[in-house]
Amino acid sequence: MRKPKLSRILATLAAATLAALGAVAVNPAPASAAVRNVCYNISQAGPFANTAVQAAAIWNNYTNNINMAQCGSNLRITYTYGGGSYAQRTSLGNGRVVIDYYQAQQYSALRIMTHEIGHILGLPDNYNGNCAILMSGGSAGTSCTNPYPSSTEAARVDSLFGFAARSATPAQVFTGSWPAASTVGAQR
């Protein structure tokens, strides 16, 4: 087992223990470790709860400096019927992701979720239409189902979560990553 994976497991256990005791673990990693917990909450994610867990696992597997775990509400994941999916980052690793139910019927729900979490982790949109680039969002079309960050995107997240760069990303709302869903015949 690689050392970052062991650190991630230990950080998850520590965060879960603190959560069970009623403490909120925002960044419980020791100063010598490079892993930061991003605690997310799926209690209002409805049909996208499992999708959020899968997206968190993807980010955990592709990065070394973060550990996404269900240990608090730094990142709240919800859903809506219409209006588009979006991310609202309040600071690096904190904010909320909203998944549009209708949009997730047209595009890959896992790709949308992983993309929107990417904004919370500090990545901007990159509307280049390339399906291999996660942050290209809906510009890659409805046939693109790739939910994985490129090595460049993963490296950027690791860089942002390095201890020297924690405050490098301001609060921001990311909308328009996905073309509007067709709601013809859809009930609201």
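Colleague: Which residues of H2 meet H4?

Modeller: From H2 there are Thr51, Ala52, Gln54, Ala55, Ile58 and Trp59, and they meet Ala109, Leu110, Met113, Thr114, Ile117 and Gly118 of H4. Contact means heavy atoms within 4.5 Å. This is a predicted model, where local features need pLDDT of at least 70, side-chain atom pairs count only at pLDDT 80 or more, and totals for chains, interfaces and linings use all residues. Numbering starts from 1 along each chain as its sequence is written, and side-chain values use heavy atoms, with hydrogens and water left out.

Colleague: Why are H2 and H4 called oblique to each other?

Modeller: Their axes, lines fitted to C-alpha atoms over the stretch in contact with angles from 0 to 180 degrees between N-to-C directions, cross at roughly 55° and come within 9 Å. Under 35 degrees counts as roughly parallel, over 145 as roughly antiparallel, 65 to 115 as roughly perpendicular, and the rest as oblique. H2 and H4 are therefore oblique.

Colleague: What makes Asp158 count as buried?

Modeller: Buried means under 20% relative accessible area, exposed over 50%, and partly exposed in between (1.4 Å probe, protein chains only). Asp158 has 14%, so it is buried. Asp158 lies in helix H5, and beyond its neighbours within four places in sequence it is in contact with Thr63, Asn64 and Asn65.

Colleague: Which residues of H5 are buried?

Modeller: Glu153, Ala154, Val157, Asp158 and Leu160. They cover an arc of only 165° around the axis, so they sit on the same side of H5. The arc is that of the directions from the helix axis to the C-beta atoms.

Conventions:
Helices (H or I, at least four residues) and strands (E, at least two) are DSSP runs, numbered from the N terminus.
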